[in-house]
Amino acid sequence: MHRRFDIDFGAPRRAALGPSHPASPSARHVSRPTKESLVGIQTLQVAALALGPGAMLGLLALGIVLIYRGTGTLNLAHGSQAALGGFVYWDATVGLGLSPALALVVAIVVSGLCGVLIQVLVMRRLAGASPLTHLIASAGVLIVIQSLLLLRYGSNGRNVPSLLPTGPVPLGGEVTIGLDRLLLIVVALVVMLALWLLYRFTTFGIATAASAENAMAGAALGHDPNRLAMGNWFLGGALAGLAGALLAPISGLDLTTMLNLIVPALGAALFGGLVSFPLTVLGGIVIVLAQSQASLHIPLRGASTIATFVIIVGLMVLRGRSIPLRGFLGARLPALGSGRIRWPIVGGVLVVGLVLIWLVLPDVWNDALLTSMLVAVVMLSIVVVTGFAGQLSLAQFALAGVGAVIASLLGTYVGLPFPLLLLAAAVGAVPVGILLALPATRMRGASLAVVTLAFNVLLAATVFSRAQVITVPRPSLFGLDLSPILHPERYLTLVVVVFAVLALAVANLRRSRTGRRFVAVRGNERAAAAVGIDVARVKISAFAISAVIAAIGGVLLAFRTTSVVWTDFDVLGSVDQLAWTVIGGVGFVAGPLLGMGFVPGGLGTQVIDTVYTDDFALLPLIGGLLVLLTLIMNPDGVAAVAKHSLRRFFPPEPPPTPPAPSKPAETAHARPRGALAVEDLHVSFGAVHVLDGVSLTVEPGRVHGLIGPNGAGKTTLLDAVSGFAAPAAGRISLGGHSFDGVPTWQRSLLGLGRSFQSLELFDDLTVLDNIRVATRARSRFGLAGDLVRPQSDDLGPAAWQAIELLELTDQLTKKIDEVPHGVRQLVGIARALAADSDVVLLDEPAAGLDDRETAELARLVRRTVDVRGIGVLLIEHDVEFVMSVSDSVTALNFGRIVAAGPPDEVRRNPIVVDAYLGRDDSEPVVEEQV
């Protein structure tokens, strides 16, 4: 299906751009308009024509806002729901002969009921899942609705009768506008006002806001969250159907055009911050105005799409952070494979595959296998960037297209041999991957998905929209002709070998130091930065590696035939491939092999075509349904099920053996340490002064306790020291090194360790890898070496000593969710100690422990400080615990120091006693920012 990416909502009316009969007598004596005046009139005319469609785009975006506000789901299927409304309206008017008004009601109701089905059958069953899982589920819904519409209506466009009158309305001078477009603005404003009243003053709207803020609290007040979600999904779907039915007569009813509305609609929703109804409608008008003016005045291919992309990226930059995703920290992501290479399985599968290709399979099956394997190569890039690094990219097929463009141009006009074309495409795609990664350094999750999808649309409109066909030479390797047409077995063998090599490199990456850092960033960016990981660099590396893999896959796709068609690299290809990878297992190297059967024209098509002749068109629908079933029943994918089934046949890896210490840990020599100095520190959040002139020093070999009631500013002090909160004034230094302007990850390298009140461990890693990721070991050959041969990453004496001191040796091979809470607290401390830090910040390490565990923790902390000679700044609500391990104590209240000195002295201070006993209730409580 040919896909079009510049949405044209209507051209200027020629009659309005100048005199109708310049040669008439009445026109001979009238001065001719200048070129500048004609341009001005045309600009105004195009702007006037854009107002109605812009209002409808805002109306469509209102549905996205409703669903996000009410359920926290960013619905990628919203454009397909608009298409459903448009086709139902067309069917009701043209097919059934209903009046346009009645057909519009039918379209609204059907689209609204579609929203209810999405909530009941899919989203309700994913309650508690991460926002990323909901986003992928909405992509699966998109595939299902798209497939159903394609089966029912085909890909041809249709003319749709308008419900509204279309007569011209003069706006003054030479500018006119259709009455229907003016009425569209009125419709959008009326709907916007109705929604504002509904959500501001009705019980439903107030309950929706309360449940969105805290679902448990809303349920406790008697509000059924499922009914509220159904209501919001119905309203969101109804708005999509209304917008689709009203837009169809203007833009034409075309499935691709309707689906492509999702990107500008998301832009309009972002314009309103995913909250404001008026700003969302205004955003739709602004975007369509920008598109129309860019198309008129900028002589570039895809100018309107460029304008949309600039607006979306600009909104992200101005907001300075991602879309607020509820529960993003700690949200569960799909499971990860270990990256362990089981050579008997790899060798056996490769040999059997080659035997099948050369001796068993007929040409038609080899062709289907080739189609699947080509896309599987690109899907490996999704495993790297989304599976390992947790960055939800919807532009991987576009990166494959970049590789295809580079290789086809160089192969045609420069004549480079095929191996050099692969290399050139891989290298050339790296800058594009890095460019795509730049937004990821400031955003994540759904917001990143929006930007990468917009980037995909941008490339499709500006680069891949060229209709000409480029003829490329037949691929060859060392003089051996690899023509897919003349020698299909040879080319298929090449693709299989390339996939195997790339898959082994990805598996090596997973087991390497770089891979562990990818997984750490995927799990918790705050904790990753706290152990010295440059989060931005990790994200850029992940996108760069994925770009290389995708580009190689794009070259292999392009050279399958002698004629390269760039338009094949369409936007929805990236969405489809993400869905197929999720089915296979996005966290596993084998995931692409297990999900590639759903590629149109691939193995799945061949199987269905063999059993049920001519039913291959059902495959995309089956694939979309399987995405949803996989997410509901097993969000980790088929590979996770296979791994669990085969676990009994493969013994687990043995735990690492610690090196024999030259002397017992208790007597190990501690190197000289630096002291942490906090001087006159002030931290404010808006008008609230959380810390007011706090000063303290943490000396080496000593524990400095920090106590105070809730809201005293204790955790804010630790956040300021570690770089998560920006001080308004004051100075922080460690060992004489000032922390002014130093990011969190560099503070860790300078000798600062940190544990967290909420633990914030890396749940996808074992206890050992949680500790190992914080070590300072350097890979000898860097990233390239990790891809080829990951080296065993020695923990180093500091990490092993922390493991021994905290008695974690027997827990190293266990996952974090397999150990009790007390052990997790010790893992957080061991991770902070693994880098041989000078000062360690411990934030409520005894939280959740019983008396016995607390006493044991106190013994281990004191022992560690005495042996290692480090300084510890300790926050804990258990006063007895603090007093038993601390050499000095500082007490905070309302952000100010009220007492400082030896533990016994601080314990007897009357102000401290009053603060803890709550004797003074006259002062307002400052909510602590954590």
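I began with Asp836, which is partly exposed at 23% relative accessibility; the model is a predicted one. I saw that Asp836 forms a salt bridge with Arg673, with 2.9 Å between the closest N and O atoms. The two sit 163 residues apart, Arg673 in the loop between helix H27 and strand S7, Asp836 in the loop between helix H33 and strand S13. I noted Arg673 as buried, with a relative accessible area of 14%.

Next I looked up Glu807 and Arg859, whose side chains meet in a salt bridge at 3.1 Å, N to O. This pair also links distant parts of the chain: Glu807 is in the loop between H32 and H33, and Arg859 is in helix H34, 52 residues apart. I put Glu807 down as partly exposed at 45%, and Arg859 as partly exposed at 38%.

My next note is on a network: salt bridges with shared partners join Arg526, Asp719, Arg754, Glu760 and Asp843. I have 22 salt bridges for the structure.

Then I turned to Lys539, which forms a salt bridge with Glu525, the closest N and O atoms being 2.9 Å apart. Lys539 lies in helix H22 and Glu525 in helix H21, so the pair ties together parts that are 14 residues apart in sequence. I found Lys539 buried, with a relative accessible area of 1%, and Glu525 counts as buried at 17%.

What I did find is the backbone oxygen of Val742, 2.8 Å from a polar atom of the Arg747 side chain. Arg747 is in helix H29, residues 744-749. Leaving out residues up to four places away in sequence, I listed its contacts as Ala720, Val721, Ser722, Gly723, Phe739, Val742 and Leu752.

Last, I traced a sheet. I read an open sheet of six strands with mixed pairing, in the order S12-S13-S14-S9-S15-S16. S12 and S16 stand at the edges with a single partner strand each, so one side of each has no neighbour in the sheet. The twist averages 20° from one strand to the next. Within the sheet, I followed S9 and S15, which run parallel and are joined by four bridges. I marked Ile707 as standing opposite Ala891 in S15.

Definitions and conventions. Residues numbered from 1 in each chain as written. Predicted model: local features only at pLDDT ≥ 70, side-chain atom pairs only at ≥ 80, totals over all residues. Heavy atoms only, no water. Polar contact = N/O pair within 3.5 Å; in protein donor to acceptor, adjacent residues only side chain to side chain. Contact = heavy atoms within 4.5 Å. Pairing = 2+ DSSP bridges. Axes fitted to C-alpha atoms, helices over the stretch in contact; angles between N-to-C directions. Salt bridge = Lys/Arg side-chain N within 4 Å of Asp/Glu carboxyl O. Buried < 20%, exposed > 50% of the residue type's maximum accessible area, 1.4 Å probe, protein only.
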